[in-house]
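Good morning, and thank you for joining the group meeting. Please look at the structure as it comes up, and I shall then take you through it.

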Amino acid sequence: MAVYRRGYQRYDGPTTSHFARLMVMPRFSWERILGQRFVVILLVVSLFWPMLCAGFIYLSNHSELWQGFGGGIKKFLAINGNFFSIFMNVQSTFALILASVAGPGLIAPDLANNALPLYFSRPLTRWDYILSRMIVLLGILSLVTILPGMLLFGMQASIAGGDWFVHNWFLGTGIFIGFTLYIAMISLVAMASSAYVKWRVVAGALVLAFFFLLAGAAEMVNSIFRVDWASALNPTYAINAVWKGLLDVEIADDKPGAWECATVILGLSGGLLALLARKLRAVEVVK
Amino acid sequence: MTPYQQIWTIARLELGRVFFSKRSFWVYILAIFPSIIFLGHALEAGLKKRNWSADRVTSAATLNQVQTGMTDDQVLALAGKPISDVTRKRRIRRDDEDPDAEKQPEVRRYVMYFDGKKRVDLRFEDGKLVARNTHELMNFEDDRRVYATMFQFFYLRLGIFFGCLGIFINLFRGEMLDRSLHFWFLAPVKREVLLLGKYLAGLIAASLIFGTGALLSFLAMALPHDPTEVAAFWQTIGPGHAFWYVAAAGLGCVGYGSVFLAAGLLLRNPILPAIVMLIWESINGFLPDVMQKLSVLHYLQSLCPVPVPLPNDMPAVLKMLLAPAAPSSIPVAVLGLLAVTALVLFAAMQSVKRLEINYGTE
C-alpha cells in the first residue's frame, strides 16, 4: 500500500486483560508515592496507634494483669464496638492527611499537562481511569486503615477464642466495610479537588479545606439554628455515624442516625463523581 | 520612583488579580457564609414564631403547672397539642448483656410547647417526664455568645485560615505554577519590594473581604432581635464589639498571610506547613501556657470581646486536659502579632532574594 494511503487505523491486535490495564497506573503511582519521604514518615507514625491498641487488646485478654483494680476496669478494657470505633476515628485522621498529600498528584498533573488524550486513546475508559486512580489511593490508605484494623480484629479473635468471634464477627465486617467506604469517600474528594483546581499544591489544601470547613460549617449551622441535623453535613461525623451503625455502637438520640448519614455520604459521592466525569474529558475546549 | 511608590504600584496591579480571579469566588463564599446562615436563622425564627403563634400557643401559666414526674398523658391533657412530638424506642443492641443496658429507658418521647415567647422542651422516659428545658425563641445574649463561638471556631480557625492559604500562597507559588513569575523578576524593582507589594495586595484583599464578612455577620446576628434591645446595645458596647471582631479578622489576615506567603516561597509543597499549622492551632488549648503563645490564634482570641464557653458535649477527659492560657492584653496581642509577622516577612525577603526560577520542577 502506498505510504500516502496509510491513514489512521484502530489497533485491532490482542490486548491485555482489563484488570492488567487497570493496574498499570497504580503500579507506577505506588512506586512514586512511596518514594516521598513525608509519606513514609506518615505511614510509620500512623502505626503507633494500632500498636497501642494491640497492647490494649493484650491487656484486656489477660485478666491476671489487672486483678485488684476494681470492677470498673473490666468495662474500661472491654473490646467491643466502642473500642474499634475509637481506633477507626484516630486512623481516619492519618488517612485524611495521607490522602491530602498523595491524592492531588494523581490527576492534577495529567490535566495540567494535557495528558488525558494519551490515556484515553488507549483501551481505557474514563471510568477505568477513575477506578485505577482510586485503586492507587485504596492501596496506600488501606495500609493505615483496613490492614491494621483487620490485624487487630484477628488478634482479638485469636486471643479471645472462637466464642468471641461468633458473637462479634460483625465488628470485622464493620471495620472492613466502614474503612472501605471512608477510603472511597476521601479518594473521591482528593481526585475531585485535583481535577477541579489542576494545581497539586492547591488541591492538597482543598482536600483539607473540604473536611475542615464542612465540619465547621455544620457545627455553625447547628449552633445558630439550635438544631442537630446539620451534623450529617459534616463528612467526618457522617462517616463516624455509619461506622457506629456498622459496629453496633449507640448514637445520641438527637443526632442524625447511620442511615441519614449514609444517604448524605452517597449524595456527596455522587456529586463528586459527577464533577470528575465533567472534568475528565479527552478533549477540552479552551475559550 | 521611590520604593514606597513601587510597592503601591505592584500592589495595585496584583489587587485586580486577587479580587477578581475565579478562585477568589470561594474566598468570598467563605467570608459571607456566616452572614447567610445568620440571615437564614432570622428568617426561620420569624416564620416559626408566626406559625406557632397562629394556633399552637400554650399559656405560660399552664406550662408552669407541668412538673417532673408527670406522665405524658397527663401533660398532654393539661397543655393540649404540642408544636412537636417525637417518640424514639431504644434499639436492642447485640452487646446488651451489659448490666447497665437494662437501666436505659425503653421509650423516649420529646415534646415541645410554645408560650408565645419561649419554647419549652419536655423529655419523657418510659412515659414519665424527666427533663424540662426552656429556650427563648430569640435571645440576643445567647445569639451574641453563638456569634463569639462561630467567630473563634469557624471564622478565625477555618475561614480566615483557609482563605489566607488560598490568597497568599497564590501570590508566588501560583505565579510559578502559571510560569509567569519571571516577568515580575525582569521588572527593575528589588525583590524585597516585589514581595512587600504582593503581600500588601493580599493583605488589602483578605482584610477587606474577611473584615466585611465579620461585620456583615455581626449585623445579621443583631437584625432579628428586639429593636429596643439592639439600640441599647449599639449605644453601649456594640460598636466596640464590632470593631474588635473586624480588627481580629484583619489581624488574622496579617498573621496567617505572612506565614502562608513565606511558606509559598520557602517550600515547594506549602501544604505541609499548612497541615502542621492547622494541627498546632487545633491543639493550642491543650498545650502549656508558653507554647500557646506561639500561635496566631492565641493573640487573635485575646482580641475577641466575648469569651467562648467550653462546649457542653466535650468529653470530660478533654475538658480536664484543656487549659487555655490567660488572654494577652490588647497591646501585647497586637504588637506580638505584628512582631511575628515582621519576622516571618524578613525570612521571606531573605528567601526571595536567593530564589531561582526552575519551572520544570513544578
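I begin with a term: a crossing of two helices is left-handed if the near helix is turned anticlockwise from the far one by less than a right angle, and right-handed if clockwise. What you see is a predicted model, in which local features need pLDDT of at least 70 and side-chain atom pairs count only at pLDDT 80 or more, while totals for chains, interfaces and linings use all residues. Residues are numbered from 1 along each chain as its sequence is written, and chains are lettered from A and ligands numbered from 1 in the order in which they are written.

Let me take chain A to begin with. Chain A has 14 helices and 0 strands, where helices (H or I, at least four residues) and strands (E, at least two) are DSSP runs numbered from the N terminus. Its C-alpha atoms fill a box of roughly 95 × 50 × 35 Å along the principal axes. Of its 287 residues, 41% are buried, a term that requires 20 or more other C-beta atoms within 10 Å of the residue's own, with C-beta atoms placed from the backbone.

Chain B comes to 14 helices and 4 strands. The radius of gyration of chain B is 27 Å, well over the 21 Å that the globule rule gives for 362 residues, so chain B is more spread out than a compact globule. That radius is taken over C-alpha atoms, and the rule is 2.2 Å times the number of residues to the power 0.38. Buried residues make up 32% of chain B.

Finally, consider how α12(A) meets helix α2 (residues 24-55) of chain B. They pack at an angle of about 30°, with their axes 10 Å apart; axes are lines fitted to C-alpha atoms, for helices over the stretch in contact, and angles run from 0 to 180 degrees between N-to-C directions. The two helices are therefore roughly parallel, a label for angles under 35 degrees. The crossing of α12(A) past α2(B) is right-handed. Among the residues making this contact are M220(A) and F225(A) of α12(A), and F33(B) and E44(B) of α2(B).

Technical notes. Buried ≥ 20, exposed ≤ 12 C-beta atoms within 10 Å, placed from the backbone. Parallel < 35°, antiparallel > 145°, perpendicular 65-115°, else oblique. Contact = placed C-beta atoms within 7 Å.
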